[in-house]
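The following note comments on selected points of the structure shown below.

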Amino acid sequence: MTTRIDTLFEKLAGEKRPALVTYFMGGDPDYDTSLSIMKALPGAGSDIIELGMPFSDPMADGPAIQAAGQRALKGGQTLAKTLKMAREFRTGNNETPIVMMGYYNPIYIYGVERFLGDAKSAGIDGLIVVDLPPEMDEELCIPALKAGLNFIRLATPTTDDKRLPKVLSNTSGFVYYVSMTGITGSALPDTSRVADAVKRIKGHTGLPVCVGFGVKTAHQAQAIGASADGVVVGTAIVNAVANVIGPDGKMTADPAEAVATLVRGLAEGTRSARLASA
Amino acid sequence: MNQPVTPNSFRAGPDPEGMFGIFGGRFVAETLMPLILDLEEEWEKAKTDPVFAAELENLNTHYTGRPSPLYFAERLTEHLGGARIYFKRDELNHTGSHKINNCLGQILLAKRMGKTRIIAETGAGQHGVATATVAARFGYPCVVYMGATDIERQAPNVFRMKLLGAEVRPVTAGHGTLKDAMNEALRDWVTNVEDTYYLIGTAAGPHPYPEMVREFQSVIGREAREQIIAAEGRTPDMLVAAVGGGSNAIGLFHPFLDDEGIEIVGVEAGGKGLDGEEHCASLTAGRPGVLHGNRTYLLQDGDGQIKDGHSISAGLDYPGIGPEHSWLKESGRVEYVPIMDHEALEAFQLLTRIEGIIPALEPSHALAEVIKRAPKMGKDNIIIMNLCGRGDKDVFTVGKLLGYEL
């Protein structure tokens, strides 16, 4: 099975540049605004879209993404609406891979089989579910692979060489390397340590390795992109949305434009990564 | 053909994957997975190590004051006119509740693992106080996460923790109650993986916590069994305990689960009634879902978003429940019932006046159920109720509800 993700990384290998992976929270601050943000991402230089599924108790997320999830839920977002958002996006874009990212409970309650069917038909390419380690693969990972979706696993600094094969066993699409032990939006560690970790993981798998957690600026994207196959940015994008929401909840500028401006800079950094390192 | 399968034993769980039927498991971020596997490995070694057992027993005896008495509540029995009522008096433990049983076990494990920093979550503050106590006793720095709302309503326990040298970090995320404190403790753990031991306060969370906490709390049921046989020459007819996360209840129940003929009742916080949103009856009014590392009954909406519970008792104010209770409910071995805030408040006052014991609001829920059931039972029947905490911490809450200015 070849997904949009596989096709993309083949293309980028030819272009000799890393992917820019952009996370945003589905439904933040409301459905329509959020869809306009999603639609603006590819044009601004995003190669892969991570579509956040809001959850009331996001245990691996820092304050920025927690707040984004709360805004989305307050705005009436549900898993069904997040799927609908992907479907609407696909009417105008059939190339950019979409990966849904979040926590297991909303999927479990929606029903695993029903979710996988709806996700596939909505044009979703992969899933990242934070609280499903390989020990729980029977829950969603194996059914997702059978349904033709990539299941993208997180590898972390605590995933040692002994454990890596287990983490990589049912992973497909790409590997998401979490740059540090901590929550989303923390400070980025020394990039040389990240480069070493990417090299270590690549010793175990032929899959592309994307790095996230803590990447906020074009400069950081460039530094990380020198060694990784992709750079994931989330908190900075979510903050760009938060920054244009006034205290009264009214928007002071167009969030889609604010996000696009940020992403254009990040894309420039990512695209020049290999040139800078060459 | 479709008969429910009765297992050979109700005491055999969890399986090696940490499952009690479909409940339990290890639903955690990859960063935590190696830590949980390390913990499981150390726990497997410790639980059969006589040195560990001896060290824990020594602390239970001389530090906590175990065994706690099994007290025949003569006046209450007379007042209700039915079954003979016994209280397992874990409220007499050092720190005032059953929480210390678990904290001592886990701090010994933290020591074995070479950890140097302790974190915990707390709702009412009882677990926070017990954790701060063992951290002081063993000389560890300790951070306790507590919801900002709970900090406000449990000021005496906050001060107690501070006196004991713990740092109490207020959690403003969400609604500032126990579930948010647990989220924040998990975020701390995922950040400080090298040196930190997460001392979970109830029989919930990822495997091996539910089993481990149950084992540390089962001292309650093991003692109660010996004590009732000494007092009455037989096992009881009924066990009753309050369930929030469910650690005191599983501690009393577990040694009796395979005794046919003993009725076992868990009492949930019915809050202001199950019709509205203001209750914490996850087993009665919730449904299975995944939160905080395990699959269990949860209060949630149709989209799988977790709701905030309500209870008069901060210790029961949690939208989930330990996974073993979910399994015991589905297997039919234990009956779970809700008790409303006002019923618990009445039971609290009755016990205070009739037996001279001020119970915590948590076991007051169990007591309210005993008050309903005892009169319908024969005078030769025996009930054991877990009086798992003392009410000193609740006098401000109760005073306010009864219109006293303290």
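Helices (H or I, at least four residues) and strands (E, at least two) are DSSP runs, numbered from the N terminus. The model is predicted.

1. Pro189(A) lies in the loop that links β7 (175–178) to α9 (191–202) of chain A. Leaving aside neighbours within four places in sequence, the contacts of Pro189(A) are Ser179(A), Met180(A) and Val194(A).

2. Is Pro189(A) buried or partly exposed? With 16 other C-beta atoms within 10 Å, Pro189(A) is partly exposed, because a residue counts as buried at 20 or more and as exposed at 12 or fewer. From Asp32(A), Pro189(A) is separated by 157 residues in sequence and by 36 Å in space, C-alpha to C-alpha.

3. Chain A contains an open sheet of 9 strands, with parallel pairing, in the order β5-β4-β3-β2-β1-β9-β8-β7-β6. Its edge strands are β5 (150–151) and β6 (154–155) of chain A, each of which pairs on one side only.

4. Within chain A, strands β3 (residues 98–102) and β4 (residues 126–129) run parallel and are joined by 4 bridges. Opposite Gly102(A) stands Val129(A) in β4(A).

5. At the interface, 33 residues of chain A are in contact with 27 residues of chain B. On the side of chain B that touches chain A, the elements giving two or more residues are β2 (23–27), α1 (33–46), α8 (178–191) and β11 (287–291) of chain B. The most comes from α8(B), with 6 residues. By class, this side of chain B has 13 nonpolar, 8 polar and 6 charged residues.

Methods
Residues numbered from 1 in each chain as written. Chains lettered and ligands numbered in written order. Predicted model: local features only at pLDDT ≥ 70, side-chain atom pairs only at ≥ 80, totals over all residues. Pairing = 2+ DSSP bridges. Contact = placed C-beta atoms within 7 Å. Nonpolar A, V, L, I, M, F, W, Y, C, P; charged D, E, K, R; others polar.
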